[in-house]
Amino acid sequence: MTTVQPALARRLGLADAVFIGLGSMIGAGVFAVWAPAARAAGPWVLLGLALALVVAFCNATSSAQLAAQYPTSGGTYIYGRERLGTWPGFIAGWGFVVGKTASIAAMALTFGAYVFGPFAPWIAVAIVIVLAGVNLLGVTRTAQLTKVIVSVVLVVLVLVIAANILGGPREFPSGQPAIPFQGGVYGVLQSAGLLFFAFAGYARIATMGEEVKQPKRVIPIAILVALLLTAVVYAVVGGVLLWRIPPEILAVTEAPLAFATAYSPWAALTPVVAAAAALATVGAMLNLMTGVGRTSLAMARNNDLPRWLAYVEPTRSVPRNAELALALVVCGLVLLTDVRVVIGFSSFGVLVYYLIANLSAYTQEPGHRRYPRFLQILGALACVVLVVTLPWQAIGLGVAVFAIGVAYRLIRRPYRPARAK
């Protein structure tokens with residue numbers, strides 16, 4: 001006898017959905033993504049940011065259009081299955097789960113390193129356990145904590161921007177480390193692929209479609225509002241950093257906002273910036289964990305992941321087994337690896353995910369279309385271009401992990417029950 005698992009409860013309103021998107025995008029990226037982007041594009045970082053935003057906008061419109069037609073957990077994993085077939089859906093879901101799981105581990109290590117230095121791995125394990133506990137309390141607790149985190153981080157960012165705008169001439173100590181940047185068209189495209197990592201957070205809104213009230217109206221609005229607000233924040237922060245820090249120094253600065261503030265008249269704010277970076281990392285981790293848990297739930301429901309991951313705890317309406325399994329895997333990663341190419345690898349997985357989203361949206365019938373097809377064509381082509389211009393280490397790791405996923409599904413596929421006609 002087959003046990004029917006309960007569905008997730010719809011408890012999130014428009015503001016909740018927007019804040020979940022903001023918490024995922026205005027997270028660790030705004031404090032840490034600038035160095036690898038500057039190493040690629042040099043003074044043209046903002047052009048890379050603009051290209052990343054164009055790609056993100058195309059992808060966001062596709063996600064919004066699809067989410068309105070398929071308001072359930074799983075995001076592009078579900079859209080790919082429904083519009084293109086089970087294999088494209090699996091590739092999208094696998095890319096999201098493995099890429100974002102690695103990102104969570106890297107963010108946990110970043111949190112530990114920012115605050116506790118040599119004990120970073122063990123502190124990372126502790127924060128993963130705490131956040132898993134928050135998620136197990138229910139999605140409304142996750143949304144409430146996200147609102148607090150995003151609000152605090154935005155206030156700190158405003159103070160930091162003011163400090164650096166009013167900071168006067170740039171004065172750095174002699175002998176400051178610097179490296180030449182790559183530059184050129186290839187460098188700008190590579191920076192766009194890396195910066196896309198920052199904008200990929202709106203996927204969390206779509207993956208939680210089963211928990212949003214009035215999803216056909218709320219999800220499309222929330223995705224675009226969150227993306228627009230995030231774009232403004234990144235453009236202002238990026239512009240201020242380029243004005244304050246030469247690109248060859250920015251390229252090797254692990255904490256650029258703290259570094260710039262330390263050499264401003266408001267240097268006393270530097271510890272506050274570090275604390276905000278740690279808090280933003282926590283917010284991004286919290287929302288990534290909810291998104292990965294919901295996508296894992298959707299894949300398990302279709303036997304693309306072990307079936308026991310599909311269990312929904314009835315009291316708090318959370319995918320308990322998926323959340324616990326994710327926390328366990330992340331704890332293992334932070335203790336056994338350093339995930340040095342995680343931003344590139346995450347971008348690889350997410351760009352493949354959105355390639356399938358754009359192709360899925362292209363196939364939608366006129367009654368479900370909200371945006372012209374040329375946006376989906378542009379988005380799909382841009383995803384391919386950005387994938388192939390990522391650092392070779394990220395491409396190699398991405399191909400290897402996707403091959404593992406395909407092999408796993410090929411082994412399981414003969415044992416899958418036939419779908420009802």
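1. With a relative accessible area of 18%, Arg 83 is buried; the term buried stands for under 20% relative accessible area, exposed for over 50% and partly exposed for what lies in between, with a 1.4 Å probe and protein chains only. The structure is a predicted model, in which local features need pLDDT of at least 70 and side-chain atom pairs count only at pLDDT 80 or more, while totals for chains, interfaces and linings use all residues. Residues are numbered from 1 along each chain as its sequence is written, and side-chain values use heavy atoms, with hydrogens and water left out.

2. Overall make-up. The chain has 18 helices and zero strands; these are DSSP runs numbered from the N terminus, helices being H or I of at least four residues and strands E of at least two. Of the 421 residues in the chain, 58% are buried. A contact means heavy atoms within 4.5 Å; among contacts between residues at least 6 apart in sequence, 84% join residues at least 24 apart. The accessible surface comes to about 16500 Å², and 71% of this belongs to carbon and sulfur atoms. Accessible areas come from the Shrake-Rupley method with a 1.4 Å probe, and for residues only the protein chains shown count as cover.

3. Salt bridge of Arg 83. Glu 365 forms a salt bridge with Arg 83, with the closest N and O atoms 3.0 Å apart. Glu 365 lies in the loop between H16 and helix H17 (373–388) and Arg 83 in helix H5, so this pair ties together parts that are 282 residues apart in sequence. Glu 365 counts as partly exposed, at 36% relative accessibility. The term salt bridge requires a side-chain nitrogen of Lys or Arg within 4 Å of a carboxyl oxygen of Asp or Glu.

4. Salt bridges of Asp 304. The structure holds three salt bridges. In one of them Arg 81 pairs with Asp 304, the closest N and O atoms being 3.3 Å apart. This pair links distant parts of the chain, 223 residues apart: Arg 81 is in helix H5 (residues 76–83), and Asp 304 is in the loop between H14 and helix H15 (320–336). Arg 81 is buried at a relative accessible area of 9%, and Asp 304 is buried at 1%. Asp 304 also forms a salt bridge with Arg 409, where the closest N and O atoms are 2.9 Å apart. Since Asp 304 lies in the loop between H14 and H15 and Arg 409 in helix H18, the pair ties together parts that are 105 residues apart in sequence. Both Asp 304 and Arg 409 are buried. Shared partners join Arg 81, Asp 304 and Arg 409 into one network of salt bridges.

5. Charges over rings. The charged end of Arg 409 sits over the ring of Trp 87, 4.5 Å from its centre. The charged end of Arg 373 sits over the ring of Tyr 362, 5.0 Å from its centre. The criterion is NZ of Lys or CZ of Arg within 6 Å of the ring centre and within 35 degrees of the ring normal.

6. Aromatic pairs. A search of the whole structure finds nine aromatic pairs. Trp 94 and Tyr 408 form a stacked pair, 6.4 Å centre to centre with 20° between the planes. Trp 94 lies in helix H6 (residues 86–116) and Tyr 408 in helix H18 (residues 392–412), so the pair ties together parts that are 314 residues apart in sequence. Trp 94 counts as buried at 13% relative accessibility, whereas Tyr 408 counts as partly exposed at 24%. Phe 196 and Tyr 354 form an edge-to-face pair, 5.8 Å centre to centre with 85° between the planes. This pair links distant parts of the chain, 158 residues apart, with Phe 196 in helix H9 (residues 184–199) and Tyr 354 in helix H16 (residues 342–362). Phe 196 is buried at 0% relative accessible area, and Tyr 354 is buried at 0% relative accessibility. Ring pairs also link Trp 87, Phe 90, Trp 94 and Tyr 408 into a cluster. Rings of Phe, Tyr and Trp (its six-membered ring) pair if their centres lie within 6.5 Å; planes under 30 degrees apart count as stacked, over 60 as edge-to-face and the rest as tilted.

7. Nonpolar patch. Val 155, Leu 159, Ile 165, Leu 166, Trp 243 and Trp 266 make a nonpolar surface patch of about 590 Å². Helix H8 (residues 139–165) gives the most to the patch, with three residues. Trp 266 is found in the loop between helix H13 (256–262) and helix H14 (270–301), and counts as partly exposed at 34% relative accessibility. Patches are made of residues with over 30% relative accessible area and no salt bridge, like charges being joined within 9 Å and nonpolar side chains (Val, Leu, Ile, Met, Phe, Trp, Tyr) within 5 Å.
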